[in-house]
Amino acid sequence: MSDGTPTPAGPRRPERTCVGCRTVRPKRELLRVVLPAEGPAALDPTGKRNGRGAYLCRDRGTNCLTQARRRHALVRALRTTSDRIDWDSLAGDLDTVPQEVLTSPR
Ligand SMILES: [Zn+2]
């Protein structure tokens with residue numbers, strides 16, 4: 001018998017690459033950083049704000065942000081310059097983001 005391949009049916013889950021560690025993960029495990037038309041880049045927990053976006057791992061806090069900053073991955077992904085990004089404020093916001101996606105229901 002050939003059952004027992006638990007392939008989840010349904011629409012393909014969107015995946016994105018973290019600009020810090022470059023891990024490809026389901027979108028809900030990542031956190032969007034948005035660069036609005038004006039003003040500094042900001043976290044976009046809803047993922048719905050207008051602007052160019054990039055993704056960071058939600059559960060690694062500032063680690064991926066630091067990596068993204070070091071290798072200029074975030075500024076490149078957002079097609080901006082480092083001075084448009086308030087790194088301290090982003091890091092602070094990352095620390096306060098709820099970690100609700102750590103356990104995935106089965
Ligand atoms: Zn990451």
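Residues T62, L65 and R69 in α1 meet W87, L90, A91, L94 and D95 in α3, where a contact requires C-beta atoms, placed from the backbone, to lie within 7 Å of each other. The helices and strands named here are DSSP runs, numbered from the N terminus, with helices being H or I of at least four residues and strands being E of at least two. The model is a predicted one, in which local features need pLDDT of at least 70 and side-chain atom pairs count only at pLDDT 80 or more, while totals for chains, interfaces and linings use all residues. Residues are numbered from 1 along each chain as its sequence is written.

Two packed helices are described by the angle between their axes and the distance between the axes. For α1 and α3, the packing angle is about 155° and the axes are 9 Å apart. Axes are lines fitted to C-alpha atoms, for helices over the stretch in contact, and angles run from 0 to 180 degrees between N-to-C directions. The two helices, α1 and α3, are therefore roughly antiparallel to each other; angles over 145 degrees fall in that class, those under 35 count as roughly parallel, 65 to 115 as roughly perpendicular, and the rest as oblique.

Read from the N terminus, the order of elements is β-β-β-β-β-α-α-α. Among contacts in the chain with a separation of 6 or more, 59% are between residues 24 or more positions apart.

The strands come next. An open sheet is formed by three strands in the order β4-β3-β5, with antiparallel pairing; two strands pair if DSSP finds at least two bridges between them. Because β4 (42-44) and β5 (52-57) stand at the edges with a single partner strand each, one side of each is left without a neighbour in the sheet. From one strand to the next, the twist averages 40°.

Strand β3 (residues 30-35) pairs with β4 over three bridges in the antiparallel sense. Within this pairing, V33 stands opposite L43 and V34 opposite A42. With β5, strand β3 pairs in the antiparallel sense over six bridges, and L35 stands opposite R52 in β5. Five of the six residues of β3 are buried, leaving the strand mostly covered. A residue is buried if 20 or more other C-beta atoms lie within 10 Å of its own, exposed if 12 or fewer, and partly exposed in between.

Buried residues make up 23% of the 106 residues in the chain. In soluble globular proteins, nonpolar side chains tend to be buried together. Here the largest nonpolar core has 20 residues, of which C18, V19, Y55, L56, A68 and L74 touch the most other members. Such a core is a set of buried Ala, Val, Leu, Ile, Met, Phe, Trp, Tyr and Cys residues joined through C-beta atoms within 7 Å. The elements giving two or more residues to this core are β3, β5, α1 (62-70), α2 (73-77) and α3 (87-96). Beyond its neighbours within four places in sequence, L74 is in contact with V19, V33, A54, A68, R69 and I85.

The loops complete the picture. R49 is found in the loop between β4 and β5 and is partly exposed, because 15 other C-beta atoms lie within 10 Å. Not counting residues up to four places away in sequence, R49 touches V34, P36 and D44. R49 and R32 are 17 residues apart in sequence, and their C-alpha atoms are 9.4 Å apart in space.

Two further loop residues have a positive phi without being glycine. R22, in the loop between β1 (15-17) and β2 (24-26), has a phi near 65°. With 12 C-beta neighbours inside 10 Å, R22 counts as exposed. H72, in the loop between α1 and α2, has a positive phi of about 60°. H72 is exposed because 12 other C-beta atoms lie within 10 Å.

Note on methods
Contact = placed C-beta atoms within 7 Å.
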